[in-house]
Amino acid sequence: DRYIELGGNMIDTGRYYGKGSGIAKSEEIIARWLQTSGVKREDIMISDKCCNCMIDRKGKIHEEFVRVSPVFIQEDLMYSLDRVGVDYFDLYMIHRDDPHVPVADLMDKLEELRIAGYFKAYGVSSWQPSRMAEALEYCRRMNYRGPSVSSPSYSLLHTKYNRQPGTWYADDAFAQWHKDNDVTLMSWAPQGAGFFVDPLLPIFQPDKANMWTKESFLTEENFARRERAILLAKEKGCSSVNIALSYILSQDLPLAAQIGARNMWELEDCVKNLDLKLTQAEIEYLRLERDSY
């Protein structure tokens, strides 16, 4: 309710989101909210996803159960429409990729379902640049609407390795590719998964972090970027994590940021800084491309 009150008009969810009482509950929560909030369906946009790996009741992702196919696109779609209690989604995305599945098969099914009215636009999440380029080329050749959105993770935080198998982190070149090809980049973890929170969260402290986090996140470059975000935040009078958010939203690119506020304070903190725009010099300073701004 507060999000809508503050001007929010898009909600992103997925079949396996929200542990709830031990099993995914996000879609059901949104359905109950739609029924009781008084918000009209046409006044908000809802984004949902298909083809994620199987996730059990304990929240463990089973990467060995790959679920990327035209069959799973349609099965997950019908399941999610029923769970959310709506007739259509505004955006529908393939949550993961499987390079063994032909791009043509996946795009054919998405275009078919779009034309049938089950969603207004479609896209993909965590697809590599080469697969994105292949999908666009095929859709142009077939005169399809094609993917309107690509959703890798893109942030001030640079990663050496993907956070989980099947996910994808965009670099600056891939971010620019989206503008060149008229595709919106909808970044997940745009605030660096909490890396820019001050003080440093325990999961990122060298003596407490797991091996993957140490190897991928805890680099000299990232700590230097973090320190500059903290310094810039003090000057701007905001939190350092929202300097990271502004880094995304201030660029001259078709960017959107999927925040994951866990409480009211985090929501308010993100929203109050939406008007904060960084200069190009400040962006380059955060990237360590210059020593001042």
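Me: Before anything else, what is a cavity here?
Reply: A cavity is a set of grid points where a 1.4 Å probe fits but cannot get out. Do keep in mind that this is a predicted model.

Me: Got it. How many cavities of 30 Å³ or more are there?
Reply: The count comes to 1 cavity of 30 Å³ or more. The largest cavity holds about 40 Å³ of space.

Me: Which residues line the largest cavity?
Reply: You'll find Gly14, Arg15 and Tyr16 in the lining, along with Lys49, Cys50, Cys51, Asn52, Asp76 and His95. By type, the lining divides into 3 nonpolar, 3 polar and 3 charged residues.

Me: Let's pick Cys51 from that list. Where does Cys51 lie?
Reply: Cys51 is in the loop between strand S2 (45–50) and strand S3 (54–55).

Me: Is Cys51 buried or exposed, and why?
Reply: Cys51 has a relative accessible area of 1%, so it counts as buried. The cut-off for buried is under 20%.

Me: What about the phi of Cys51?
Reply: Cys51 has a positive phi of about 70°, although it is not a glycine. For background, most residues other than glycine have a negative phi.

Me: Where else does a positive phi turn up? I'm looking at Ala193.
Reply: Good pick! Ala193 has a positive phi of about 55°, and it is not a glycine. Ala193 sits in the loop between S8 and H7. At 27% relative accessibility, Ala193 counts as partly exposed.

Me: And Pro199, where is that?
Reply: Pro199 is in the loop between strand S8 (184–188) and helix H7 (211–216). The peptide bond from Asp198 to Pro199 is cis, with omega near 10°. In general, most peptide bonds are trans.

Me: OK, new topic: rings. How many aromatic pairs does the structure hold?
Reply: The structure holds 12 aromatic pairs. One of them joins Phe174 and Trp177, whose ring centres are 5.6 Å apart with the planes at 40°, so the pair is tilted.

Me: Where do Phe174 and Trp177 lie?
Reply: Both are in helix H6, 3 residues apart, which is about one turn of the helix. Phe174 and Trp177 are both buried.

Me: What about Phe195 and Phe204, how are their rings set?
Reply: The ring centres of Phe195 and Phe204 are 5.4 Å apart and the planes are at 85°, so this pair is edge-to-face. Phe195 counts as buried because its relative accessibility is 0%. Phe204 is buried too, with a relative accessible area of 2%.

Me: Which residues is His178 in contact with?
Reply: Leaving aside neighbours within four places in sequence, His178 is in contact with Ser150, Pro152, Val183, Thr184, Leu185 and Pro254.

Me: Now pockets. What volume does the second largest pocket have?
Reply: The second largest pocket has a volume of about 200 Å³. It is lined by 15 residues, and those nearest its centre are Thr159, Trp168, Tyr169, Ala170 and Asp171. The lining of this pocket divides into 8 nonpolar, 5 polar and 2 charged residues.

Me: Last one: where is Ala281?
Reply: Ala281 is in helix H11, residues 280–286. With a relative accessible area of 18%, Ala281 is buried, given that the cut-off is under 20%.

Terms used:
Residues are numbered from 1 along each chain as its sequence is written. This is a predicted model: local features need pLDDT of at least 70, side-chain atom pairs count only at pLDDT 80 or more; totals for chains, interfaces and linings use all residues. Side-chain values use heavy atoms; hydrogens and water are left out. On a 1 Å grid over the protein atoms alone, a cavity is a set of points where a 1.4 Å probe fits but cannot get out, and a pocket is an open set with protein on both sides within 12 Å along at least five of seven lines; lining residues have an atom within 4 Å of a point. Grid points are joined across faces, edges and corners, and a volume is the space filled by probe spheres set on the points. Ala, Val, Leu, Ile, Met, Phe, Trp, Tyr, Cys and Pro count as nonpolar, Asp, Glu, Lys and Arg as charged, and the others, Gly among them, as polar. Contact means heavy atoms within 4.5 Å. Rings of Phe, Tyr and Trp (its six-membered ring) pair if their centres lie within 6.5 Å; planes under 30 degrees apart count as stacked, over 60 as edge-to-face and the rest as tilted. Helices (H or I, at least four residues) and strands (E, at least two) are DSSP runs, numbered from the N terminus. Buried means under 20% relative accessible area, exposed over 50%, partly exposed in between (1.4 Å probe, protein chains only).
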